[in-house]
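Q: Hey, I've got a protein model open and I'd like to talk it through. Can you help me find my way around?

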Amino acid sequence: FLGCLFYVYFILVTLCIPVFTNMSKQPFSTKTLVLSIFHATLPGTFVLLLSFFAFLHCWLNAFAEMLRFADRMFYKDWWNSTSFANYYRTWNVVVHDWLYNYMYRDFHWLLNKRFRTVAMLSVFLISAAVHEYVFIVSLGFFYPVMFCLFAIFGVLFNFILNDRRKSPVWNVIMWTFLFIGQGIQVCLYCQEWYAQIHCPLK
């Protein structure tokens, strides 16, 4: 776990800080933004995988071992998913099962079991808001990149890349979108971080 944190720090220091520190001194252009997103794709993917391993594997398994918790199904083989619907179900089984049992089923029941899509959208919005809140607390500013990616594009991909997609090609497409999404997040959050430093509101 500590090794993952150190490696994330190393990635940010070597691959992100030099690029985005200098970027804040350059005039903004679409070309610069696109190039910085692609530059942030690799470190963003590393951070995603390290966060997964640190929390969903190391942290939860450590507490399960200490508490002698027998059920260790914290995640499934999300990396083999051919749809975003399956990815959301297998990436974090603990959170997915909690959302399904305590939110989705209640929404589904309240809506008389006729508006399944509305219940699903409600769960997505709440999950996106919680994810964004974690970013707000961690970074100290409100910049709803995570919320927009999760609540808008995440929902769209959930319906477009659904469980009917079985070909391995869709797994490549899913990973491609994950790479791009992580690049967008790292790029925009780094830009906003340095904007907060160089152009404070107060």
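Q: Let me just start with a residue I clicked on. Where is Arg68 found?
A: Arg68 sits in the loop between helix 2 and helix 3. Keep in mind that this is a predicted model.

Q: Okay. Is Arg68 buried or exposed?
A: Exposed: its relative accessible area is 79%, and the cut-off for that label is over 50%.

Q: What about its phi?
A: Arg68 has a positive phi, about 55 degrees, even though it isn't a glycine. For background, most residues other than glycine have a negative phi.

Q: Let's zoom out. How many helices and strands are in the chain?
A: There are 7 helices and 0 strands. Going along the sequence, the pattern reads α-α-α-α-α-α-α.

Q: And what box do the C-alpha atoms fill?
A: Roughly 55 × 40 × 40 Å, taken along the principal axes.

Q: What share of the residues is buried?
A: Buried residues are 36% of the 202 in the chain.

Q: Which elements have the lowest and highest mean pLDDT?
A: Helix 1 has the lowest, at 85, while helix 3 (residues 84-91) has the highest, at 89.

Q: Now the inside. Which residues touch the most other members in the largest nonpolar core?
A: That core has 17 residues, and the ones touching the most other members are Tyr104, Val123, Phe124, Val145, Phe150 and Tyr189.

Q: Which elements give two or more residues to this core?
A: Helix 4 (93-110), helix 5 (116-139), helix 6 (145-160) and helix 7 (168-198). The largest share, 6 residues, comes from helix 6.

Q: Pick one of those, say Val123. What does Val123 touch?
A: If you don't count residues up to four places away in sequence, Val123 touches Leu99, Met103, Tyr104 and Phe107.

Q: What's in the second core?
A: That one is separate and has 16 residues, including Leu48, Leu56, Phe74 and Met174. In general, nonpolar side chains tend to be buried together in soluble globular proteins.

Q: I also clicked on Ser127. Where is Ser127 placed?
A: In helix 5. Ser127 counts as buried because its relative accessibility is 9%, and the cut-off is under 20%.

Q: What does Ser127 touch?
A: Leu99 and Phe150, again leaving out residues up to four places away in sequence.

Q: And Leu125, what's the story there?
A: Leu125 is in helix 5 too, but this residue is partly exposed, with a relative accessible area of 45%. Setting aside neighbours within four places in sequence, Leu125 is in contact with Phe147 and Ala151.

Q: How are Leu125 and Val155 separated?
A: They're 30 residues apart along the chain, and their C-alpha atoms are separated by 9.1 Å.

Q: What share of the contacts join residues at least 24 apart?
A: It's 64%, among contacts between residues at least 6 apart in sequence.

Q: Back to the surface. Which residues form the nonpolar patch?
A: Phe1, Leu2, Leu5, Phe55, Trp59, Phe63, Met66, Leu67 and Phe69, with about 960 Å² of accessible area together. Helix 1 (2-23) and helix 2 (30-66) each give two or more residues to the patch, and the largest share, 4 residues, comes from helix 2.

Notes
Residues numbered from 1 in each chain as written. Predicted model: local features only at pLDDT ≥ 70, side-chain atom pairs only at ≥ 80, totals over all residues. Heavy atoms only, no water. Core = buried A, V, L, I, M, F, W, Y, C linked by side-chain atoms within 4.5 Å. Buried < 20%, exposed > 50% of the residue type's maximum accessible area, 1.4 Å probe, protein only. Contact = heavy atoms within 4.5 Å. Patch = residues over 30% accessible without salt bridge, like charges linked within 9 Å, V, L, I, M, F, W, Y side chains within 5 Å. Areas by Shrake-Rupley, 256 points an atom, 1.4 Å probe, with all protein chains shown as cover. Salt bridge = Lys/Arg side-chain N within 4 Å of Asp/Glu carboxyl O. pLDDT = per-residue confidence, 0-100.
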